[in-house]
Structures are given as structure tokens and as C-alpha cells.
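Subject: Structure handover

Hello,

Here is the structure I promised to pass on. Please open it first, then read my notes below.

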Amino acid sequence: MANAKEAQARIKINKLLEFSGWRFFDDAKSKDKANIVLEPNVKLSHSQLNDLGENFEATKNGFVDFLLLDEKSFPLVVQEA
């Protein structure tokens, strides 16, 4: 059941992101590059984990659902479904 709820959430999030102008794919006509990365692997240093606080999951790497990039392709927003 949890997988179905996450899948439904992802569909809604995909539509909202596209409606807001975010791109999953490069646009050949406008030459705009994709600015959404799906489920990238994320690695954190020990000091970065400490900066996030005690309630953060004790992991040094993992995946995020959506990573939104700025105009220079640098990470801007992390979105979880």
C-alpha cells in the first residue's frame, strides 16, 4: 500500500513540477537543459550529518526522490515523495 501511495504522490509531483516550468528532459527547440534529476545517489560527510542534527537518519549515503538544479546545474532543492 505504501508503494501505491508513493507512486501516486510522484505522479502528482511530476505534474506540478512540469506545470511550474521544471524539466525532466532537455528541450531541443529552446536548448533548455533538464533541471530535474531523479533519485540521484547522495553522499554526506560526517560533519554534514552533524550539521543536520540528531534526528537525521544515520547514513552517509542514500537516494533522494527529486533533485532540482539551478540555471548552472547546481543542486537547489531536494524533494521527497
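Start with the contact between R10 and D65. Their side chains meet in a salt bridge, at 2.7 Å from N to O. The model is a predicted one, so treat this as a computed result.

Where do R10 and D65 lie? R10 is in helix α1, while D65 is in the loop between β3 (61-63) and β4 (66-69). The pair therefore ties together parts that are 55 residues apart in sequence.

Are the two partners buried or exposed? The cut-off for buried is under 20% relative accessible area. R10 has a relative accessible area of 17%, so R10 is buried. D65 comes out at 8%, so D65 counts as buried too.

R10 has another charged partner. The side chains of E6 and R10 also meet in a salt bridge, here at 3.2 Å from N to O. Both residues belong to helix α1 (residues 2-19). They sit 4 residues apart, about one turn of the helix.

Now put the pieces together. A search of the whole structure finds 2 salt bridges. Salt bridges that share partners join E6, R10 and D65 into one network. As background, side chains of opposite charge can pair when their charged atoms come close.

What else does R10 touch, leaving aside its neighbours within four places in sequence? R10 is in contact with E39, D65, F66 and A81.

F66 leads on to the sheet. In β4, F66 is the bridge partner of L38. β1 and β4 pair in the antiparallel sense, over 3 bridges.

The sheet itself is open and has 3 strands. Their order is β1-β4-β5, and the pairing is antiparallel. Which strands stand at the edges? They are β1 (36-38) and β5 (75-79). Each has a single partner strand, so one side of each is left without a neighbour in the sheet. Neighbouring strands of this sheet are turned by 25° against each other on average, direction ignored.

If you look at one residue, take R10.

Best wishes

Methods: Residues numbered from 1 in each chain as written. Predicted model: local features only at pLDDT ≥ 70, side-chain atom pairs only at ≥ 80, totals over all residues. Heavy atoms only, no water. Salt bridge = Lys/Arg side-chain N within 4 Å of Asp/Glu carboxyl O. Helix = DSSP H or I, 4+ residues; strand = E, 2+ residues; numbered from the N terminus. Buried < 20%, exposed > 50% of the residue type's maximum accessible area, 1.4 Å probe, protein only. Contact = heavy atoms within 4.5 Å. Pairing = 2+ DSSP bridges. Axes fitted to C-alpha atoms, helices over the stretch in contact; angles between N-to-C directions.
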